[in-house]
Amino acid sequence: MKDRKIKFRYFSIVEWEKEQDFLRREGLNGWHFTKATLLGIYHFEKCEPEDMVYQLDYNPDGIAHKEQYVQMFKDCGWEYVQDYFGYSYFRKPASEMSGNEEIFCDDQSRLEMVKRIFFTRMIPLIAIFFLLIIPSLYTQSTDPSSAGYVLSWASWILFVLYLFVFLILGRQFWKYWKDLSK
Amino acid sequence: MNSHIQKVYVPMTETGFYILLCLLEESHGYGIVQKVEALTCGQIRLSPGTLYGSLSKMEKNGLIRFIREEEKRKIYKITDLGRQVLDLEMKRIERLYQNMMEVRENERS
């Protein structure tokens with residue numbers, strides 16, 4: 001019987017709740033999460049089924065002051081696992097909790113995290129969109145050569161892809177924003 | 001106190017209030033968690049993500065200041081600006097309490 005496995009999963013930058021649930025479910029099924037590596041590869045090793053609660057924080061300031069940041073979570077009983085794409089992963093056995101414990105205790109701080117994700121991840125995307133994609137669309141559509149034709153198609157595809165991503169992420173952000181600010 | 005500080009911190013969240021109240025004396029993050037738990041008889045247990053976020057934001061806004069580090073724990077204390085904000089908030093809570101008691105008295109009589 002294999003005692004290690006990997007799973008491929010893709011979670012967008014606003015799907016941390018789904019990711020937490022995924023990791024907890026694996027634990028309940030007897031797979032202990034060891035690490036996540038590039039391209040959405042999640043590594044697990046076989047264990048006795050465990051109810052381990054996973055929580056993701058997004059805090060660039062915390063990553064910049066890693067030691068103090070991790071220490072504060074440790075003091076509160078949360079084990080630090082790793083950082084992955086700006087997120088920090090923490091876990092705590094449900095048996096050590098009094099009721100439902102989370103790493104945030106009020107909606108305002110949950111909203112602060114959503115804002116941090118939005119400003120550090122979404123704003124750069126939007127900037128690239130307006131500073132690179134739209135201008136290239138404009139210059140290439142006025143280029144009559146065949147290379148210009150191909151490039152212009154490439155830019156259009158990029159443009160549509162971008163719009164699609166914006167719509168999906170924008171909707172998820174909006175939902176969080178609305179729920180958390182009541 | 002400028003209008004930005006007013007807008008962000010008045011009125012304050014329960015978490016924010018307890019953090020400032022505890023930082024009238026020097027303390028590190030986990031010290032605040034323990035103090036609040038004792039003050040509220042275990043009813044409020046601050047979570048580390050909330051606490052870390054609040055402390056860095058308050059430090060950035062000048063409500064508290066970093067004193068020193070002890071065993072990887074940052075120790076903070078309230079500043080004059082922090083005290084002003086806390087005073088405003090205390091007055092607001094006193095008013096709430098007084099109004100509540102007045103209404104209660106009137107209901108009884």
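**Figure 1. Contact between chain B and chain A in the predicted model.** Chain B gives 19 residues to the contact, and chain A gives 21 residues. On the side of chain B that touches chain A, the elements with two or more residues are helix 3 (29–39), helix 4 (48–60) and strand 3 (73–78) of chain B. Helix 4 of chain B supplies the largest share of this side, eight residues. By class, the side of chain B that touches chain A has six nonpolar, nine polar and four charged residues.

**Figure 2. Crossing of helix 2 and helix 5 of chain B.** The view shows helix 2 (residues 14–22) and helix 5 (residues 80–108) of chain B. Their axes come within 10 Å and cross at roughly 125°. The two helices of chain B, helix 2 and helix 5, are therefore oblique to each other. Their crossing is left-handed. From helix 2 of chain B come F17(B), L20(B) and L21(B). They meet G82(B), V85(B), L86(B) and E89(B) in helix 5 of chain B. This contact has five nonpolar, one polar and one charged residues.

**Figure 3. Domain 1 and domain 2 of chain A.** The domain assignment of chain A gives domain 1 as 4–96 and domain 2 as 107–180. The C-alpha centres of the two domains of chain A lie 28 Å apart. Eight residues from domain 1 of chain A and nine residues from domain 2 of chain A make the contact. The side of domain 1 of chain A that touches domain 2 of chain A divides into four nonpolar, three polar and one charged residues.

Technical notes:
Residues numbered from 1 in each chain as written. Chains lettered and ligands numbered in written order. Predicted model: local features only at pLDDT ≥ 70, side-chain atom pairs only at ≥ 80, totals over all residues. Axes fitted to C-alpha atoms, helices over the stretch in contact; angles between N-to-C directions. Helix = DSSP H or I, 4+ residues; strand = E, 2+ residues; numbered from the N terminus. Parallel < 35°, antiparallel > 145°, perpendicular 65-115°, else oblique. Left-handed = near helix turned anticlockwise from the far one by under 90°. Contact = placed C-beta atoms within 7 Å. Nonpolar A, V, L, I, M, F, W, Y, C, P; charged D, E, K, R; others polar. Domains from an automatic or database assignment.
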